[in-house]
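Q: Hey, can you walk me through this structure? I have some quick things to ask.

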Amino acid sequence: MNAVRAILFDKDGTLVDFDRTWGPAAGAVMERFAAGDAATLARLHAVSHYLPAERRFLQSSPLIAGSSRQFGPLWAETLGRPADLAFFLEIDRLFALEGRRFLTPIGAPRQDLTRLHRSGLVLGIATNDAEANAHIQADLLGIAGLVSAVYGYDSGHGSKPAPGMIAAFSHVTGLPPGAIALVGDTKHDLDTARAAGALAILVRCGPSPVDDFADEADLVVDDVGALADLLLAGGPADILSAEIAP
């Protein structure tokens, strides 16, 4: 197994609390699109696998790992609108607005990424959110100055689970994919790392369990804080050789 020299972090479910941020934010966005029509709102909830009383998604929701390009056509059909770029950009704009209002970090990402950055690791973000929104949230989390690159589904490198974001990060850093770890909470993140030839690190702090595919990862940890503790205990140039968490 290769030494970790750079880390790409997924955002939602890894750095950002998915349920506490996107549960209420998505509810607010759907209310905006429904414009007071209760039947339309109920249909949006249904296709999104969303529980409005609890302001959270079921684990089967297409919004958990998908971008607006992936779940947007479902919303467009529900609303009777064209599934075109203008509609997807409107979704992104409203999610950026409401996501900013409800943004909730997991643990202390600024402190954790600061420790990793000071150790010499090159850091970045790879998310299926829009790049502009990822920049906004990175700034609000206080980590914008710690990351060398931010990739969204619309950055021109494809969306996860395609390997393009890792390939782009490899080009920017000059490091081979095998020296880059992708840290995330979904099968999309695992598959992205595998497709690119990068290290796959799963965190258990996302909205869905990772147990069904944990044995396919190079490492499984509780959260980013636990990962920072592990890597810095032996130094970032050490071989990532911890056992898969039970």
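Q: Are K11 and D12 buried or exposed?
A: Both K11 and D12 are buried. Keep in mind that this is a predicted model.

Q: What do the side chains of K11 and D12 do?
A: They meet in a salt bridge. The N to O distance is 2.8 Å.

Q: How many salt bridges does a search of the whole structure find?
A: The search finds 15 salt bridges.

Q: Which residue does R56 meet in a salt bridge?
A: The side chain of R56 meets that of E54. From N to O, the pair is at 2.6 Å.

Q: Is R56 buried or partly exposed, and why?
A: R56 is partly exposed, because its relative accessible area is 31%. Buried would need under 20%, and exposed over 50%.

Q: What about D191, which partner does its side chain meet?
A: The side chain of D191 meets K187 in a salt bridge, at 2.9 Å from N to O.

Q: How are D191 and K187 placed in helix α8?
A: Helix α8 covers residues 187-196. D191 and K187 are four residues apart in it, so about one helical turn separates them.

Q: Is D191 buried or partly exposed? And K187, buried or partly exposed?
A: D191 counts as partly exposed, because its relative accessibility is 26%. K187 also counts as partly exposed, at 30% relative accessibility.

Q: Which residues are linked in a network of salt bridges?
A: D10, K160 and D189 are linked in a network.

Q: New topic: helices. What describes two packed helices?
A: Two things: the angle between their axes and the distance between the axes.

Q: OK, what are those values for α4 and α6?
A: Helix α4 is residues 85-102, and helix α6 is residues 131-141. They pack at an angle of about 15°. Their axes are 10 Å apart.

Q: So is α4 roughly parallel or roughly antiparallel to α6?
A: That angle makes α4 roughly parallel to α6, because angles under 35 degrees count as roughly parallel.

Q: Is the crossing of α4 and α6 right-handed or left-handed?
A: α4 passes α6 in a right-handed crossing.

Q: Which residues of α4 and α6 meet?
A: From α4 come F95, A96, G99 and R100. From α6 come N133, I136, Q137 and L140. By class, this contact has four nonpolar, three polar and one charged residues.

Q: Now α1 and α4. At what angle do they cross?
A: They cross at roughly 130°. Helix α1 is residues 18-34, and the axes of α1 and α4 come within 8 Å.

Q: What does that make α1 relative to α4?
A: That makes α1 oblique to α4. The crossing of α1 and α4 is right-handed.

Q: Which residues meet there, between α1 and α4?
A: On the α1 side, they include W22, A25, V29 and F33. On the α4 side, they include F87, I91, L94 and F102. The residues of this contact divide into 13 nonpolar, two polar and five charged.

Q: Last one: V47. Which helix is V47 in?
A: V47 is in helix α2, residues 38-47. V47 counts as partly exposed, because its relative accessibility is 24%.

Q: Which residues does V47 contact, leaving aside neighbours within four places in sequence?
A: V47 is in contact with P62, L74, W75 and T78.

Q: And how far is V47 from F71?
A: Their C-alpha atoms are separated by 8.9 Å. Along the chain, V47 and F71 are 24 residues apart.

Note on methods: Residues numbered from 1 in each chain as written. Predicted model: local features only at pLDDT ≥ 70, side-chain atom pairs only at ≥ 80, totals over all residues. Heavy atoms only, no water. Axes fitted to C-alpha atoms, helices over the stretch in contact; angles between N-to-C directions. Helix = DSSP H or I, 4+ residues; strand = E, 2+ residues; numbered from the N terminus. Parallel < 35°, antiparallel > 145°, perpendicular 65-115°, else oblique. Left-handed = near helix turned anticlockwise from the far one by under 90°. Contact = heavy atoms within 4.5 Å. Nonpolar A, V, L, I, M, F, W, Y, C, P; charged D, E, K, R; others polar. Salt bridge = Lys/Arg side-chain N within 4 Å of Asp/Glu carboxyl O. Buried < 20%, exposed > 50% of the residue type's maximum accessible area, 1.4 Å probe, protein only.
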